Amino acid sequence: MSLIGTIEPIDLEKTEIESYLERMDHLFKCNQVEGNHEVDLFVTLVGSEAYRVMKNAVKPNKVASQSYEELKAILKQRMAPVKSVTFESHLFYKISQGSMSIAEYISKLKEQADLCEFGNFLDRALRDKFISGMSNKKIQNRLLSEKDLSFSKLCELALAQELIQSESLELQQDGKVNKLYRGNSSKQVSQRRKDVSQSQVRGQMSVSCSPKSSRSLASSSQKSNKNSTSTSVSQRSSRGQSCLRCGRFHNPDTCPAKEWECFLCHRQGHTSRVCRNKQKKVHLLVDQEDVTEEAKEESTDEEFVGFCKNIQVSSKSNPAILKVNVEKRIIDMEVDTGASVSLISVDTRNKYFKDIPICKSRLKIKTVQGDQLQIVGEMMVKVKCIESDVKYELPLVVVLSKIEFIPLLGRNWLNMLLPRWRESLHCNVIEVDISKIVSEFKDKYRNVFSNDKAKCIKNFKCNIVLKENVTPVFHKPYTVPYSIKEEVEKELEEMVVNGILEKVEYSEWASPIVVVPKKSSKSLRICVDFKVTLNPLIKVNHYPLPRVEDIFNQVAKGKFFTVLDLSNAYQQLEMSPESKHLLTINTHKGLYQYNRLPYGVACAPAQFQAIMDQILQGIKNVGCYLDDVIIVGQSLEDCFRNVEIVLSRLDKFNVKVNFQKCKFFVQTVEFLGHELSEIGIKPMKSKMEAIERAPEPKNLQQLRSYLGLLNYYNKYLPMLSSELHPLYRLEQKDVPFEWSSKCRQAFEKSKQLLLNSKALIAYSLDLPLVMAADASQ
């Protein structure tokens with residue numbers, strides 16, 4: 001018998017579980033499914049991913065032994081964790097209408113209120129928040145005048161008022177449409193319509209290059225405003241023209257700028273971007289490409305800026321510098337055609353333009369690497385190009401940057417100061433939106449970038465081999481501090497749900513757990529102290545970990561770099577059945593057995609490295625060190641292609657990647673404590689700063705720590721052993737620790753050697769070889 005209706009399998013990443021289970025209940029009701037058939041049909045319909053979650057959660061029992069309600073509860077726990085009612089209530093009271101329609105605003109409030117458990121207070125909470133968050137002041141005042149109305153009645157009244165205002169506006173505007181071109185001949189009207197059509201195709205506003213033409217444009221605009229009004233705002237939107245209040249392409253009826261105050265004239269109803277006072281001073285602030293971006297993104301102020309100072313360039317490629325007169329001061333600005341706005345650092349602003357006020361900015365600016373810039377605000381400055389006498393008043397974005405950079409001259413200034421700059425670019429330029437490419441990769445390989453921990457790496461299992469005649473070791477659990485006990489329990493439960501751990505009642509082996517905080521988040525990582533139990537009794541694999549120099553030599557010729565970080569790397573690898581009992585852990589909650597490879601096992605690094613080398617075997621321009629994979633390319637397109645190959649291979653073997661820790665298509669990247677670029681490799685800045693700030697050692701232990709950190713970069717420091725002889729002498733047996741002037745001198749010199757070190761390049765047969773050796777007897 002066929003089912004009435006259908007339902008898709010559960011996607012652990014996207015499915016909204018509450019709604020899905022409600023639809024499943026309705027499906028069962030329509031088909032009169034009852035009793036044991038509910039479980040059988042439910043398991044069949046939810047798909048393999050959801051079944052795996054339920055199977056791991058009920059072990060050692062069978063899924064079929066559970067009831068339909070119990071299985072639903074398992075999926076809810078996995079996909080819809082309990083949320084804080086206090087936090088959800090906080091989000092509810094933060095909601096405001098903004099640019100939403102009233103119908104959308106009502107729907108948003110109801111949706112959030114369902115999570116707040118208001119109970120009998122629900123209607124009042126909705127009613128109060130509905131009125132207080134209303135952006136239309138006229139409708140808000142109308143609602144406030146009503147007394148003792150329920151939320152539903154207020155919604156009906158608000159919707160009716162919104163419809164009345166919209167229809168009234170249309171009626172008022174209809175009678176004025178024919179007055180738009182009053183006093184113009186039909187030929188002029190036709191020409192204007194043609195101009196509007198062309199401007200829509202180009203995606204740009206009218207262009208003016210001289211003060212005279214700019215004044216005439218402003219004058220004609222003022223006369224038109226006096227004699228007639230523009231077409232209706234809804235017609236403007238439908239014809240592709242910008243909103244008169246904010247300059248963007250959207251429905252002007254819902255424009256939030258109605259309630260905003262202009263920064264220039266301090267009047268309500270528009271932004272400084274379209275302020276008439278500003279138009280009298282400024283020629284043109286919007287270029288062709290910027291308008292197109294606004295039309296696409298409509299309600300967002302996010303801009304993409306190529307921040308050149310975050311890219312290491314060859315010394316042969318000098319930046320293009322233009323001298324600009326800004327507020328009667330000549331400053332050098334670096335031309336950056338990839339930047340849509342002009343930028344200046346806080347330090348430079350404080351140095352030259354401290355007296356110019358900074359206004360708030362709604363821009364969101366990213367670098368080509370995707371990093372968000374911290375914007376302090378915008379300031380309006382008077383600008384004059386050295387080669388011209390024309391003056392402009394233009395916006396300059398002030399950013400907070402750790403890196404000192406020359407002020408960037410973006411396209412908005414270039415369009416004014418050098419209107420014909422695009423004509424000098426004779427080559428065919430293809431702009432690559434890296435963030436879009438990364439999003440496409442993420443969408444195409446969603447299995448690789450998913451957070452699903454229930455799946456293991458395919459075709460590989462880890463096996464532990466013991467030495468002969470060993471005796472099982474059972475160790476008591478370590479004490480867990482009360483402050484983190486609850487978090488440890490949650491982490492254990494989550495690992496059970498994801499199939500990483502399995503609860504057991506008895507075991508000959510048991511190792512204590514050690515809890516450490518994760519660097520990248522506030523969560524905890526559960527490690528195991530196998531040193532006191534299993535590690536001394538294991539036959540450790542002798543598969544070699546790759547030398548850092550070998551990896552750098554593999555990727556030496558790259559100009560663009562991508563680094564992938566594997567998510568919970570070891571725990572993606574399934575253990576063989578005969579080895580699982582060796583990985584039993586002893587906790588304050590009892591015994592658990594690992595189904596995956598845990599951190600702390602002596603053989604784990606070698607086995608995991610061997611498996612990753614097999615997975616990536618045959619792929620060129622790729623290096624792998626445990627859970628870090630680096631991919632390079634001679635060009636951006638070459639790097640795209642290599643990343644595609646690697647992601648396809650990882651997807652084939654079901655290897656998961658932590659998207660948040662990855663770096664895509666950058667020209668400088670940090671990898672294994674070094675900084676890689678087209679120029680070569682050099683020590684990481686953070687490590688160099690740590691060495692530079694290191695205090696003088698007070699004892700032998702501190703001295704050895706310093707020497708260990710310094711020796712990691714010994715390849716950059718020629719004749720290091722000779723320079724550090726006074727320090728090495730203190731490590732000798734029967735030599736007292738006495739910090740002499742020679743020791744102090746060697747200590748300071750070692751820092752300077754590292755700070756002044758040069759970038760290294762990989763060995764190449766194409767380059768001349770010079771051999772230097774010490775004199776011998």
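Student: In which loop does Asn621 lie?
Tutor: Asn621 lies in the loop between helix H21 (604-615) and strand S17 (622-625); helices (H or I, at least four residues) and strands (E, at least two) are DSSP runs, numbered from the N terminus. This is a predicted model, in which local features need pLDDT of at least 70, side-chain atom pairs count only at pLDDT 80 or more, and totals for chains, interfaces and linings use all residues. Residues are numbered from 1 along each chain as its sequence is written, and side-chain values use heavy atoms, leaving out hydrogens and water.

Student: Why does Asn621 count as partly exposed?
Tutor: Buried means under 20% relative accessible area, exposed over 50%, and partly exposed in between (1.4 Å probe, protein chains only). Asn621 has 33% relative accessibility and therefore counts as partly exposed. Its phi is near 60°, a positive value in a residue other than glycine.

Student: What makes Asn469 exposed?
Tutor: Asn469 reaches 79% relative accessibility, so it counts as exposed. Asn469 is placed in the loop between S9 and H19, and its phi, near 55°, is also positive. Most residues other than glycine have a negative phi, and most peptide bonds are trans.

Student: Which peptide bond is cis, and how do you know that?
Tutor: The bond joining Lys59 and Pro60 is cis, with omega of about 5°. Pro60 is located in the loop between helix H3 (48-58) and helix H4 (68-79).

Student: How do you know that S15 and S16 are paired?
Tutor: Two strands pair if DSSP finds at least two bridges between them. Four bridges join S15 to strand S16 (residues 590-594), and the two run antiparallel. S15 and S16 form a hairpin with two residues between them.

Student: In what sense does S15 pair with S11, and over how many bridges?
Tutor: Strand S11 (residues 511-517) pairs with S15 in the parallel sense over two bridges. Pro512 stands opposite Asn586 in S15.

Student: What makes both faces of S15 covered?
Tutor: In strand S15 (residues 584-587), Thr584 and Asn586 on one side are buried, as are Ile585 and Thr587 on the other. In a regular strand the side chains alternate between the two faces of the sheet.
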